[in-house]
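My notes follow in the order I took them.

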Amino acid sequence: FGTPFPVIIMAEQTEKAFQKQVGIFLNKKKALLSTKSTKAPRYHKSIGLGFKTPREAIEGTYIDKKCPFTSNVSIRGRILTGVVTKMKMQRTIVVRRDYLHYIRKYNRFEKRHKNLSAHLSPCFR
């Protein structure tokens with residue numbers, strides 16, 4: 001059976017609560033009048049600071065309230081670099097930052113490191 005209503009591609013529903021983007025109205029009545037299938041509206045933005053918006057953030061169907069490209073999160077403070085060591089958590093990675101610490105008594109440096117947890121948006125998977 002063919003449905004008279006267009007098929008709208010919805011977001012991935014993997015949680016118990018209904019996932020939707022803030023600021024997007026999903027119950028548009030004009031979608032019922034058109035005969036061709038349309039994509040659901042998607043909010044995305046340019047975050048600046050020399051970062052380009054990934055193609056997956058523009059065309060994907062994921063919902064992530066902590067993604068800087070598709071939600072209302074601003075990037076503040078310093079931008080840190082490091083090496084990804086673990087990707088076992090959902091949407092969270094562990095980043096290792098190596099640095100040198102100076103010991104004045106021996107006039108030398110020693111290696112040290114810190115592990116940081118960081119959010120990994122689904123657009124980077």
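**Loop between S2 and S3.** I started at Asn107, which is found in the loop between strand S2 (92-103) and strand S3 (108-119). I keep in mind that this is a predicted model. Phi of Asn107 is near 55 degrees, a positive value in a residue other than glycine. I noted why that stands out: most residues other than glycine have a negative phi. Is Asn107 buried or exposed? I looked up its relative accessible area and found 56%, so Asn107 counts as exposed, the cut-off being over 50%.

**The strands on either side.** I then followed S2 and S3 themselves. They run antiparallel, and 12 bridges join them.

**The whole sheet.** Next I asked in what order the strands stand. The sheet is open, has three strands and reads S1-S2-S3, with antiparallel pairing. S1 and S3 stand at the edges; each has a single partner strand, so one side of each lacks a neighbour in the sheet.

**Overall layout.** I stepped back to the chain. I wrote down two helices and three strands. Along the sequence the pattern is α-α-β-β-β. Buried residues make up 19% of the 125 residues. The accessible surface comes to about 10,700 Å², and carbon and sulfur atoms hold 56% of that. Of the contacts with a separation of 6 or more, 44% are between residues 24 or more positions apart.

**Loop between H1 and H2.** I went looking for another positive phi and noted Leu49. Its phi is about 60 degrees, although Leu49 is not a glycine. Leu49 lies in the loop between helix H1 (30-33) and helix H2 (55-59). Its relative accessible area is 57%, so I put Leu49 down as exposed.

I checked Ile75 in particular. It is found in the loop between H2 and strand S1 (83-89). At a relative accessible area of 38%, Ile75 is partly exposed.

**Asn72 in the loop between H2 and S1.** I stayed in this loop for Asn72, which has its place there. Asn72 counts as exposed, with 71% relative accessibility. I took one distance here, from Asn72 to Lys45. The two are 27 residues apart in sequence, and their C-alpha atoms are 9.3 Å apart in space.

**The segment after S3.** Last, I turned to Ser121, whose place is in the segment after S3. Is Ser121 buried or exposed? I read a relative accessible area of 2%, so Ser121 is buried, the cut-off being under 20%. What is Ser121 in contact with, once neighbours within four places in sequence are left aside? I listed Tyr62, Asp64 and Cys67.

How values were computed: Residues are numbered from 1 along each chain as its sequence is written. This is a predicted model: local features need pLDDT of at least 70, side-chain atom pairs count only at pLDDT 80 or more; totals for chains, interfaces and linings use all residues. Side-chain values use heavy atoms; hydrogens and water are left out. Helices (H or I, at least four residues) and strands (E, at least two) are DSSP runs, numbered from the N terminus. Buried means under 20% relative accessible area, exposed over 50%, partly exposed in between (1.4 Å probe, protein chains only). Two strands pair if DSSP finds at least two bridges between them. Contact means heavy atoms within 4.5 Å. Accessible areas come from the Shrake-Rupley method with a 1.4 Å probe; for residues, only the protein chains shown count as cover.
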